[in-house]
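This briefing looks at a few annotated positions and their surroundings. Please keep the sequence and the structure in view while reading.

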Amino acid sequence: MNGTTPAATAPAPGGANATAPATAGAGGGSDRIRSVTLSSVVLPLPTAISDAKVLTGRQQPMTEVVLLFAEVRSEQGLEGIGFSYSKRAGGPAQYAHAKEVAELLIGEDPSAIPRLYERLLWAGASVGRSGLATQALAALDVALWDMKAKRASLPLAGLLGAHRDSVRTYNTSGGFLNAPLEEVRENAARSLEAGIGGIKIKVGHPDSSVDRARVSAVRETIGPDTPLMVDANQQWDRTTALRMGRWLEQFDLIWIEEPVDAYDVEGHRRLTETLDTPIATGEMLSSVAEHVRLIDARACDIIQPDAPRVGGITQFLRLATLADHAGLQLAPHFAMEIHLHLAAAYPREPWVEHFDWLDPLFEERLQTEGGRMLVPDRPGLGITLSERCRALTRESVTLGR
Ligand SMILES: [Mg+2]
């Protein structure tokens, strides 16, 4: 079943039993959503970033991240903050769609998150239940979860039921292909000094001798016992992925990420079956339904969902339950400010990806220590938008009052 599909008994929108505004009988609390502020924020990156998709000519170097922020306020004075994001394209469309549907939340019980999610989903049903449409809803969904945890005076991880108060973490931002090898080695050393436990570097260079040299050098720099991962960003074909995968076995990697096209379930499955090194994938998928294909096929060892990309925390939790049931490991993609909490609540020991790109947007900093990222004890996600975030806001609108 498509994870975003309303229950089989759900009627068509507008039908006799269509989702109605909250009433006390719907199980709602006494609080109501008073206003929603949506903001489109353009965050420039310090340097232009290239992974294998740029080296193979499929994309241009990335120079900025566009974020959609949602700030939801309630009659009782609570505020929830959520965000979604896009890279290279799609930011204005996410903002536009959120602006079209967010009004539906005004006057609703903010704790009735799955019901509100369906309401938003039906409003945009003709543009689908994946991709841009649900990524626009993700910012709202995350904000509602943030508010719910704040109402309970718990960190989001605590509200969800945390299995741990810290999560193993690895650095990605230091290992891009635009960085010369020497810089990658320095970045790795700096990350380890900062208490980050693992190092991931990008591979998938069209000249595989470049990959071979960089992986060998980084393994030598960090030593045999430091967790090391590689990420080919979908740029190998099945044959190259198998050849490189076999060569990489000697490095005792924690995983090989996106060795082949994100939608090549069979290609991923064969590698998972053939190689000893675990296969990780899933960051490019934009719905629960797409993840279900991977999970059902046992096409990876480690699943890498991204809450903003799959439509928010509500959807993430659905697929995480399925992934755990299938025995998969979890290593969510990007957005550590959200995923730290979700990973802490996953039954199997997960990884969280350390990416400091979004740091300028928030007042707080996540702490790393002994190879792990510590779940903050602040209520909700534990984030406050910074002055810099306000200064980088290109557009903003407040619905409600
Ligand atoms: Mg990746």
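Does Gln234 count as buried or exposed, and how many C-beta neighbours does Gln234 have inside 10 Å? Gln234 has 24 C-beta neighbours inside 10 Å, so this residue counts as buried; the cut-off for buried is 20 or more. The model is a predicted one.

**Residues with positive phi**

- Most residues other than glycine have a negative phi.
- Gln234 is not a glycine, but its phi is positive, near 70°.
- Gln234 sits in the loop between S6 and H8.
- Asp252 also has a positive phi, near 55°, and is likewise a residue other than glycine.
- The loop that holds Asp252 runs between H8 and strand S7 (residues 255–257).
- Asp252 is partly exposed because 13 other C-beta atoms lie within 10 Å, a count that falls between the cut-offs of 12 or fewer for exposed and 20 or more for buried.

- An unreviewed UniProt entry gives a "binding site" feature at eight positions by name: Asp51, Ala52, Lys53, Lys87, Arg88, Lys200, Asn233 and Glu353.
- Lys200 belongs to strand S5, which covers residues 198–202.
- Lys200 counts as buried because it has 28 C-beta neighbours inside 10 Å.
- Beyond four places away in sequence, residues that Lys200 touches include Tyr170, Asn171, Thr172 and Asp231.
- Asn233 lies in the loop between strand S6 (228–231) and helix H8 (238–248).
- Asn233 is buried, since 24 other C-beta atoms are within 10 Å.

- Asp231 is part of strand S6.
- Asp231 counts as buried because of its 26 C-beta neighbours inside 10 Å.
- Leaving aside neighbours within four places in sequence, Asp231 is in contact with Lys200, Lys202, Val203, Glu257 and Glu258.
- Glu257 is part of strand S7.
- Glu257 is buried, as 28 other C-beta atoms lie within 10 Å.

Key: Residues numbered from 1 in each chain as written. Predicted model: local features only at pLDDT ≥ 70, side-chain atom pairs only at ≥ 80, totals over all residues. UniProt positions renumbered as here; feature names shortened; annotations may be inferred. Helix = DSSP H or I, 4+ residues; strand = E, 2+ residues; numbered from the N terminus. Contact = placed C-beta atoms within 7 Å.
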